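Work through the exercises below with the sequence and the model open. Each task is followed by a solution in steps.

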Amino acid sequence: MRITVFGAAGNVGSRVVAEALSRGHQVTAVVRDAARFPGLPAAAEARTGDASVADDVARLSAGQDVVIGATRPAPGSERQLVAATEGLLAGLARTGVRLLLVGGAGSLTLPGAGGTTVIDGPGFPADWRPIALACNDQLAACRADQHVDWAYLSPAALLEPGERTGRYRLGTDELLVDADGVSAISMEDLAVALVDEAERPAHHRTRFTVAY
C-alpha cells in the first residue's frame, strides 16, 4: 500500500511509520520541519507539509491508498489539533483518499457509569483536560464531515511507549478495561491496530477503540 503519515516524527507517528515499513508498504513520512528528516527511517519518503493546510494535504495524499493523521500539538497549543483535523478533511475531500485519525480517549464512556465519559469521570487529571477537549472537538469535526471516508481511533486510557505484542481488543464507544480494571495499550500496538485497519478496512465514518 501507499501510506502517508502526518506527524511522522511523533511518538505514535514514528511507530506507525516503522510498522507500515516492516510490512512492506510504501510510506510517505510527513513532518512540518525538514530538520526532523534525519530522525525518519531511510526507507520512508520524507516530505514536509502541514496537516492544517488543505493544499499540503491534497498534494501529499494524491495517489495514496490511505492517510494516517498522528499529529499531537505541544501543551498550550491544543487547538492546533482541530485545525489539523479540518485541514486533513478538506484536503482529502479533494483526493478521495481514506483517513485514519489518532484521537483521544476522553470521549469514550466509562463502563457501568451510565454514559459518563472518561473526561467527566472521577479523577481525570486537570492537566490532561485541554488536549482531551481538543480531541473531543476533533471527533466532532469528523462526524460533521460529509465527504471523507474517515475512521477515528481512540486509544486506551493509558498510552505509553512499550512492547509490540501484536495483540489488542477492539471496541466502539466504551472504554475497554482488563480484568483488573486497567485500560492500557502500548504505542507500538496502537500502530499495529492502525496499520491493520489500513490493510483491512473495517470502520467507516465511525470511531473505534483498542486496548489490551
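**Exercise 1.** Find which residues of helix 2 meet helix 3, and describe the crossing.

Step 1. On the helix 2 side, the contact (heavy atoms within 4.5 Å) uses Ala54, Asp55, Val57, Ala58 and Ser61. On the helix 3 side are Gly87, Leu88, Ala90, Gly91, Leu92, Arg94 and Thr95. Helices (H or I, at least four residues) and strands (E, at least two) are DSSP runs, numbered from the N terminus. The model is predicted: local features need pLDDT of at least 70, side-chain atom pairs count only at pLDDT 80 or more, and totals for chains, interfaces and linings use all residues. Residues are numbered from 1 along each chain as its sequence is written, and side-chain values use heavy atoms, with hydrogens and water left out.

Step 2. The axes of helix 2 (residues 54-61) and helix 3 (residues 80-95) come within 7 Å and cross at roughly 45°. Axes are lines fitted to C-alpha atoms, for helices over the stretch in contact, and angles run from 0 to 180 degrees between N-to-C directions. Helix 2 is therefore oblique to helix 3; angles under 35 degrees count as roughly parallel, over 145 as roughly antiparallel, 65 to 115 as roughly perpendicular and the rest as oblique.

**Exercise 2.** Determine how helix 3 packs with helix 4.

Step 1. Their axes are 8 Å apart, at an angle of about 20°, so helix 3 and helix 4 are roughly parallel to each other.

Step 2. Helix 3 contributes Leu81, Val82, Thr85 and Leu89. From helix 4 come Ile131, Ala134, Cys135, Asp137, Gln138, Ala141 and Cys142.

Step 3. This contact has eight nonpolar, two polar and one charged residues.

**Exercise 3.** Give the strand order of the open sheet and identify what stands at its edges.

Step 1. The eight strands have the order 3-2-1-4-5-6-10-8, with mixed pairing; two strands pair if DSSP finds at least two bridges between them.

Step 2. Strand 3 (45-48) and strand 8 (169-171) stand at the edges with a single partner strand each, so one side of each is left without a neighbour in the sheet.

Step 3. Strand 4 (residues 66-69) pairs with strand 5 (residues 98-102) in the parallel sense over four bridges. Gly69 has Leu101 in strand 5 as its bridge partner.

Step 4. Helix 5 (residues 187-199) lies across strand 4, strand 5, strand 6 and strand 10, at about 165° to strand 5.

Notes
Nonpolar A, V, L, I, M, F, W, Y, C, P; charged D, E, K, R; others polar.
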